[in-house]
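Please keep the sequence and the model in view while reading.

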Amino acid sequence: MTDATDSDSMPTPDRLLHTGAEHPVDPEDLVMASGRTPTPELVEKARKELAEHGAAAVERLLP
């Protein structure tokens, strides 16, 4: 049974949540958003995606 004071059972405070709009999307972020581990090849591909589509590239992965 979980203790009511267990930090895992508490919702994340709003001050810790963010949409990502506060910071530019890095190629590494884009690779990780796709569920993959950043490798030099994937990071380069993500860099090209960001250059072509801008921040909208991540919206294609995360609705």
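In helix 2, the buried residues are V43, A46 and L50. Looking down the axis of helix 2, these buried residues fall within an arc of 60 degrees, so they line one face of the helix; the arc is taken from the directions between the helix axis and the C-beta atoms. Buried here means under 20% relative accessible area, exposed means over 50%, and partly exposed lies in between, with a 1.4 Å probe and protein chains only. An α-helix has 3.6 residues a turn, so residues three or four places apart point the same way. The face of helix 2 turned away from the buried side carries E41, K48, A51 and E52, which are exposed.

Helix 2 spans residues 40-53, 14 residues in total, and reaches 20 Å from its first C-alpha to its last, close to the 20 Å expected at 1.5 Å a residue. That expected span is 1.5 Å times one less than the number of residues. Helices are DSSP runs of H or I with at least four residues, numbered from the N terminus. After helix 2 comes G54, whose phi is positive, near 70 degrees.

## Basis and confidence

The model is predicted: local features need pLDDT of at least 70, side-chain atom pairs count only at pLDDT 80 or more, and totals for chains, interfaces and linings use all residues. Residues are numbered from 1 along each chain as its sequence is written, and side-chain values use heavy atoms, with hydrogens and water left out.

The predictor's confidence in each residue, pLDDT, runs from 0 to 100. For this chain the mean pLDDT is 79, and 73% of the residues reach 70 or more. Confidence is highest in helix 2, at 95, and lowest in helix 3, at a mean of 86.

## The nonpolar core

The largest nonpolar core has seven residues in all: L30, V31, V43, A46, L50, A57 and V58. Helix 1, helix 2 and helix 3 each supply at least two residues of this core, and the largest share, three residues, comes from helix 2. Such a core is a set of buried Ala, Val, Leu, Ile, Met, Phe, Trp, Tyr and Cys residues joined through side-chain atoms within 4.5 Å.

The buried residues of helix 2 pack against helix 1 (27-33) and helix 3 (56-59). Contact is counted for heavy atoms within 4.5 Å. A46 touches P27, L30 and V31, leaving aside residues up to four places away in sequence.

## Salt bridges

A salt bridge places a side-chain nitrogen of Lys or Arg within 4 Å of a carboxyl oxygen of Asp or Glu. By this rule there are two salt bridges. One joins E44 to R47, with the closest N and O atoms 3.4 Å apart. E44 and R47 are three residues apart in helix 2, and are thus separated by about one helical turn. E44 is partly exposed at 35% relative accessibility, and R47 is partly exposed at 42%.

E49 forms a salt bridge with R60, the closest N and O atoms being 3.9 Å apart. E49 lies in helix 2 and R60 in the segment after helix 3, so the pair ties together parts that are 11 residues apart in sequence. E49 counts as partly exposed at 26% relative accessibility, whereas R60 is exposed at 56%.
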